[in-house]
Amino acid sequence: MTIPVLAPQGQQVHVDADRSVPMVRRCEVSIVRSTAAGQPMVSADRRRPGQLRRMNCALLELWDLRPCIDVAALVLTELVTNAFQHGGGENITITWCADRTHLIIQVEDSSPVRPVLRTVDEASEGGRGLGIVEALADRWGVSEDGHTVHCALALPERGA
């Protein structure tokens, strides 16, 4: 049985029910921030990373990707917290996209300021977020316009 699905960038992908052909899954959530850009996070926004971790867990359970839930939750938390603390604009959009080999997590805000990996020491109170993402992800990057940070997590191979 072949089921057509719409992949990112409008590509058409056909998925066999027996999973012998790559499958693309995608979920996107947009959040209206309560905190003005550059200001300390208000309590409603401080709760967002935890809410998104729970959503991440439910989504990856649904997609049968349990082995990567914890790592995905950690990188998601870092990216979302950075967007709330340093990003701009009214909305923050989180996108999960998975095929047979990788889970991609993207976090977009409308700040043109490109996030950068910082060097921190033991006494630093912050600045470790992208270092954590770099350590856990197969690859990560920032869009040319600086609005989107993305990372790819390798999925464990499934037994035959």
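Ser111 is buried, with a relative accessible area of 8%, since anything under 20% counts as buried. The model here is a predicted one. Where does Ser111 sit in the chain? It's in the loop between strand 5 and helix 4. Leaving aside residues up to four places away in sequence, Ser111 touches two runs of residues: His86, Gly87 and Gly88, and then Asp145, Gly146 and His147.

Zooming out, the protein has four helices and seven strands. Reading from the N terminus, the order is β-β-β-α-α-α-β-β-α-β-β. Buried residues account for 39% of the 160 residues. Of the contacts between residues at least 6 apart in sequence, 58% join residues at least 24 apart.

Now for a helix pair. The axes of helix 3 and helix 4 come within 9 Å and cross at roughly 150 degrees. Angles over 145 degrees count as roughly antiparallel, so helix 3 is roughly antiparallel to helix 4. The crossing itself is left-handed. Here's who makes the contact:

| Helix | Residues in the contact |
|---|---|
| Helix 3 (residues 69–86) | Val71, Leu74, Val75, Glu78, Leu79, Asn82 |
| Helix 4 (residues 129–136) | Gly129, Leu130, Ile132, Val133, Leu136 |

What classes of residue make up this contact of helix 3 with helix 4? Eight are nonpolar, two are polar and one is charged.

Helix 3 also turns up in the largest nonpolar core, which has 32 residues. Helix 3 gives the most to this core, with eight residues. At least two residues each come from strand 3 (25–32), helix 2 (48–62), helix 3, strand 4 (91–98), strand 5 (102–108), helix 4 and strand 7 (148–154). Which residues have the most contacts inside the core? They are Leu60, Trp63, Leu79, Ile94, Trp96, Leu103 and Ile105.

Technical notes:
Residues numbered from 1 in each chain as written. Predicted model: local features only at pLDDT ≥ 70, side-chain atom pairs only at ≥ 80, totals over all residues. Heavy atoms only, no water. Axes fitted to C-alpha atoms, helices over the stretch in contact; angles between N-to-C directions. Parallel < 35°, antiparallel > 145°, perpendicular 65-115°, else oblique. Left-handed = near helix turned anticlockwise from the far one by under 90°. Contact = heavy atoms within 4.5 Å. Nonpolar A, V, L, I, M, F, W, Y, C, P; charged D, E, K, R; others polar. Core = buried A, V, L, I, M, F, W, Y, C linked by side-chain atoms within 4.5 Å. Buried < 20%, exposed > 50% of the residue type's maximum accessible area, 1.4 Å probe, protein only.
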